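These are my notebook entries on one protein model. I record what I looked up, entry by entry.

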Amino acid sequence: MSYLVLARKYRPQTFEQVVAQAQITRTLTTAISAGRVAHAIRFSGPRGTGKTTVARILAKAMNCKDGPTPVPCNACRSCSEITAGKAVDVFEIDGASNNSVDQVRELRENIKYMPAHSPYKIYIIDEVHMLTREAFNALLKTLEEPPKHAIFILATTDAHKVPITISSRCQRFHFKRVAYAELAAALRNITDAESVSVDDQSCL
């Protein structure tokens with residue numbers, strides 16, 4: 001097996017493993033348990049705070065064979081495919097390079113079809129603020145009247161650039177920066193798991 005970088009090896013795979021975003025993970029787990037997950041969710045916040053990671057965990061939670069469940073099994077076909085980044089029913093889209101109106105129109109056409117083998121088709125659009133105005137207009141109709149099998153997760157580092165017409169159709173969560181003490185504790189857990197000896201100052 002090829003070497004797996006630590007950032008991927010220790011990427012959180014459950015809500016419980018996410019560092020310093022308890023206010024978000026707690027709300028999402030409660031919504032999943034209650035069967036009240038919004039069809040469109042917007043994650044905003046600085047880079048590296050866990051937006052895409054939480055989006056993937058949410059996708060697992062909704063499409064797990066035991067789901068929807070707050071604690072995905074990380075073993076079934078759906079969970080395994082999402083972890084590997086090859087799930088046919090979960091689409092990760094880079095808003096910076098897929099920002100044209102034609103690409104959003106293609107998304108609108110494809111979303112009408114049922115998922116291949118999962119309960120939901122989930123669209124994770126990263127850096128969604130990079131979409132053009134025309135692309136946002138094309139996306140708006142789908143957010144207003146989505147199919148029952150569709151969930152949109154929009155992630156952005158510049159929430160103020162997302163049109164209010166889009167944001168108002170979403171449940172919104174803001175990710176905070178991780179405090180040094182929390183980062184140090186997470187790094188200490190990794191160094192211990194890797195049997196690497198470092199002093200406390202190095203973790204800071």
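**Entry 1. Terms and source**

I take helices (H or I, at least four residues) and strands (E, at least two) as DSSP runs, numbered from the N terminus. The model is predicted, and I note that local features need pLDDT of at least 70, that side-chain atom pairs count only at pLDDT 80 or more, and that totals for chains, interfaces and linings use all residues. Residues are numbered from 1 along each chain as its sequence is written, and side-chain values use heavy atoms, with hydrogens and water left out.

I began with Thr 52, which is found in helix α3, residues 51-63. For exposure I use these classes: buried is under 20% relative accessible area, exposed is over 50%, and partly exposed is in between (1.4 Å probe, protein chains only). Thr 52 has 17% relative accessibility and therefore counts as buried. A contact means heavy atoms within 4.5 Å. Not counting residues up to four places away in sequence, Thr 52 touches Arg 11, Glu 92 and Asp 126.

I then looked up the whole helix. The expected span of a helix is 1.5 Å times one less than its number of residues. With 13 residues, α3 reaches 18 Å from its first C-alpha to its last, close to the 18 Å expected.

How many of the residues of α3 are buried? I find 12 of its 13 residues buried, so the helix is mostly covered. Among the buried ones are Lys 51, Val 54, Ile 57, Leu 58 and Met 62. The elements that cover them include α2 (22-34), β1, α4, β2 (90-94), β3 and β4.

Asn 63 is also found in α3, and at 3% relative accessibility Asn 63 counts as buried. Leaving aside neighbours within four places in sequence, I list its contacts as Ser 78, Asp 89, Val 90, Ser 118, Pro 119, Tyr 120 and Ile 122.

**Entry 2. Aromatic pairs**

Rings of Phe, Tyr and Trp (its six-membered ring) pair if their centres lie within 6.5 Å; planes under 30 degrees apart count as stacked, over 60 as edge-to-face and the rest as tilted. I find that the structure holds 4 aromatic pairs. In one of them, the rings of Phe 43 and Phe 175 have centres 5.1 Å apart and planes at 70°, so this pair is edge-to-face. Phe 43 lies in strand β1 (residues 40-44) and Phe 175 in the loop between β5 (171-174) and α8 (180-193), so the pair ties together parts 132 residues apart in sequence. Phe 43 is buried at a relative accessible area of 0%, and Phe 175 is buried, also with 0%.

Tyr 123 and Phe 152 form a stacked pair, at 5.3 Å centre to centre and 20° between the planes. This pair links distant parts of the chain, since Tyr 123 is in strand β3 (residues 121-126) and Phe 152 in strand β4 (residues 150-156), 29 residues apart. Tyr 123 is buried at 3% relative accessibility, and Phe 152 is buried at 0%.

I also note one aromatic cluster, formed by Phe 43, Phe 173 and Phe 175.

**Entry 3. Gly 45**

Gly 45 lies in the loop between β1 and α3. Is Gly 45 buried or exposed? At 5% relative accessibility, Gly 45 counts as buried. Beyond its neighbours within four places in sequence, Gly 45 is in contact with Lys 51, Thr 156, Thr 157, His 174 and Phe 175. The C-alpha atoms of Gly 45 and Ala 155 are separated by 8.4 Å, while the two residues are 110 apart along the chain.

**Entry 4. Cavity and pocket**

On a 1 Å grid over the protein atoms alone, a cavity is a set of points where a 1.4 Å probe fits but cannot get out, and a pocket is an open set with protein on both sides within 12 Å along at least five of seven lines; lining residues have an atom within 4 Å of a point. Grid points are joined across faces, edges and corners, and a volume is the space filled by probe spheres set on the points.

My search of the whole structure finds 1 cavity of 30 Å³ or more. The largest cavity has a volume of about 40 Å³, and its lining includes Asn 63, Ser 78 and His 117. Helix α4 (residues 77-84) supplies the largest share of this lining, 3 residues.

The largest pocket has a volume of about 770 Å³. It is lined by 27 residues, of which Tyr 10, Arg 11, Pro 12, Val 19 and Gly 48 lie nearest its centre. Which helix gives the most to the lining of the largest pocket? I find that α8 does, with 6 residues.
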